[in-house]
Amino acid sequence: MTDGCSILVVDDESESLALLTGILAAEGYQVRSANSGQLALASVAAWLPQLILLDIRMPGIDGFEVCRRLKAREETRDVPLMFISAAREVEERVKGLALGAVDYITKPFQREELLARVRTHLELGRLRARLEKQVSQRTAELRTTIERVRESEERFRIMADTAPVMIWVSGVDKLCTFFNKPWLAFTGRTIEQELGNGWAEGVHPDDLDRCFAIYSSSFDVRQNFQMEYRLRRADGEFRWVLDKGVPRFAPGGGFAGYIGSAIDITDLKRTQEEALSRQKLEGLAVLTRGIAHDFNNLMGGVLAVAESAEINLAEGLPAVEEIQQIKALAIRSSEVVRELMIYSGQERAHLGAVDLSGLVEEMLELLKVSISKHATLHIDLSKHLPAVQGNATQIRQIVMNLTINASQAIGEKDGVISVRTSRSADDQDSVPSDTASSKDDHVRLEISDTGCGMTEEEKARMFDPFFTTKTGGHGLGLAVVRGIVHSHGGAINVVSTRGKGTTFEILLPCAEAHAETASAAVSAATPEELSAVFGTVLLVEDEDTLRLATSKALRKRGFSVLVTSDGCAAVDVFRAHAEDIGVVLLDLTLPGISGLEVFDQIRRIKPDVKVVLTSANDLKIAGSATSGERPAAFLRKPYRFADLMRELQEARSEASQVISGH
């Protein structure tokens, strides 16, 4: 197939020219002929052939010169040219090929060879033209793509530089390749200084390792990240920035690095801190009003009951009821303080086996004088319940808070407060969904009232610190209850309907051991027996009223008592009477030297002396004396004298066991 390809034949010999023209025309080629170099150049200028067959030796302009001129012109240099000559010299062939000829045919030639070579070079010419066209198209497309990329990059750079945030870009090697103008303006550095890891020079030293750790770990798994760190501003001030980074991918889906943005959040953080401070102050104001209200009421009650007791005594009447009321008011006052300490995290409770029903019964007896006169108290306490794992003082706090809340909910209307204890397995529907333990592992305390109840909004916020619906309330009661229950590993359920009342259900985990009462734990001993075991009691207390009352009560029970009010004097008194003193009642907070230092020194003097520590604070450091020894007991102020006697009974039992062991 010739497809009508055009060929120019140039030869000064007419016979040769006619022969070549005839052979090629017979094959269907479009053939033009020229008998001189000059005519050949003119023919090419008028009509560009697809192949040229050119004789070398011609008068005037020879074949070499024609080739040279054609190859010198841009429009003809790509036309394939074949030399045809009778010359057989190698030098001529080399020269022709060097000038740009694609082939060399020697006369006389074989027809088949000539046609084969012609077809080959025409096909190569077509292929070359097609390739050049494709290259040209690809080049144009590439040029267009490059231009689009350049335009895209320019648009990105313009958008990045005009964005109200700091923007950075990194490559697959984790090194940063771009920072926008806001970043450079913020840091006051050049793009060259920031590229790579140069940006890290502006990060606060305390934040740098954390930043690199977050960036590297996120980079490795190709996930978004967010971090806050301090970045040095151009004026030298370190400012907090929020930096967010997301992975970026090439059009083909390959990972290309990260792009991120950062904003200065220093003022926002300062505003948030100020708002939080204001909120804390507002909460403190609510708390202060509530505590002042409670204490004024309690102290007012103490004063009124004390005056009533004075009147009774002046008239020769007993004042037992008034004294019990004063004790109850004192306990309630101490529990208000304990609420604050529990909420602030300073209360660290020791958990042990507790008889829940016995504890509730004891607490309700004290609270009867504080319950509204309009409330009827229904008590249903199951006997023989398993002991719960808990802290007796904190469980008393739960009972007091919920009972007082129930009384206040009833208010001036007649109502009922019901207090019930039971095994949780007795009621299959009451076990809360948030407890992981089985039903048999819990004991239930249920306190309900027929008071005003709560709205859905109030129920949603009832455990929030400082939230209260009562005039003068401090808003810590239920927050403390929930904190205690959760610290015990228990759960709490609340059912409340506006106008119908509220039920609080507390579930506490059972203890492995059985609860022991004081009477069961130790054998009862008379004051004379206790005095014989312990000898003299050294009372170290800096509060005058408490020191006087405690020493008086101990002496009435047959104890010999030495008293002192500061740490240094306590050590001196103990050193002087070490042989006689068997037990020391020691306050932890003393003038002079601290109670723990006194504890350490007297144990050095007499290692086997029994020491009972007392404090208004929690026993979180009572066992940290320098000697490493622990006290015989700890009493949390305010304590009842019965509690002190119980501790002495237990210490006496231990002493008896030591003696019998010898």
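At what angle do helix α12 and helix α14 pack, and how far apart are their axes? I shall answer that directly, after a word on the model. This is a predicted model, in which local features need pLDDT of at least 70, side-chain atom pairs count only at pLDDT 80 or more, and totals for chains, interfaces and linings use all residues. Residues are numbered from 1 along each chain as its sequence is written, and side-chain values use heavy atoms, with hydrogens and water left out.

To the answer. Helix α12, residues 392–410, and helix α14, residues 477–487, pack at about 145 degrees, and their axes are 10 Å apart. Axes here are lines fitted to C-alpha atoms, for helices over the stretch in contact, and angles run from 0 to 180 degrees between N-to-C directions. The crossing of α12 past α14 is left-handed, a term for a near helix turned anticlockwise from the far one by less than a right angle. On the α12 side, the contact is made by Gln394, Gln397, Ile398, Asn401, Leu402 and Asn405; α14 contributes Gly477, Leu478, Val480, Val481, Ile484, Val485 and Ser487. Contact means heavy atoms within 4.5 Å. By class, seven of these residues are nonpolar, six are polar and none is charged. In this scheme Ala, Val, Leu, Ile, Met, Phe, Trp, Tyr, Cys and Pro count as nonpolar, Asp, Glu, Lys and Arg as charged, and the others, Gly among them, as polar.

Now the chain as a whole. Its secondary structure comprises 20 helices and 22 strands; these are DSSP runs numbered from the N terminus, helices being H or I with at least four residues and strands E with at least two. Of the 662 residues, 43% are buried. Buried means under 20% relative accessible area, exposed over 50%, and partly exposed in between, with a 1.4 Å probe and protein chains only. The chain exposes about 34900 Å², of which carbon and sulfur atoms supply 53%; the areas come from the Shrake-Rupley method with a 1.4 Å probe. Among contacts between residues at least 6 apart in sequence, 64% join residues at least 24 apart.

I turn to charged pairs. The whole structure contains 30 salt bridges, each defined as a side-chain nitrogen of Lys or Arg within 4 Å of a carboxyl oxygen of Asp or Glu. In one of them, Arg444 and Glu505 have their closest N and O atoms 2.8 Å apart. Arg444 belongs to strand β15 (442–449) and Glu505 to strand β17 (501–509), so this pair ties together parts that are 61 residues apart in sequence. Arg444 is buried, at 1% relative accessibility, and Glu505 is buried at 6%.

Arg230 and Asp207 form another, with an N to O distance of 2.8 Å. Because Arg230 lies in strand β8 (225–232) and Asp207 in helix α8 (205–221), the pair links parts 23 residues apart in sequence. Here Arg230 is partly exposed at 21%, whereas Asp207 is buried at 4%.

Arg575 is partly exposed at 49%, and Asp572 is partly exposed at 47%. Finally, a network of salt bridges links Arg233, Asp235, Glu237, Arg239, Asp264, Asp267 and Arg270.

Which backbone features deserve attention? Most residues other than glycine have a negative phi, and most peptide bonds are trans. Lys107 and Pro108, however, are joined by a cis peptide bond with omega of about -15 degrees. Pro108 sits in the loop between β5 (103–106) and α5 (111–162). Lys107 is also among the residues touched by Ser85, which is in strand β4 (81–85) and is buried at 2% relative accessible area.

Lys174, at about 75 degrees, is in the loop between β6 (166–170) and β7 (176–179) and is partly exposed at 26%. His384, at about 60 degrees, is in the loop between β12 (375–381) and β13 (388–390) and is exposed at 83%.

Ile331, in helix α10 (320–343), is buried at 17%.

Definitions and conventions: Lists of a residue's contacts leave out its neighbours within four places in sequence.
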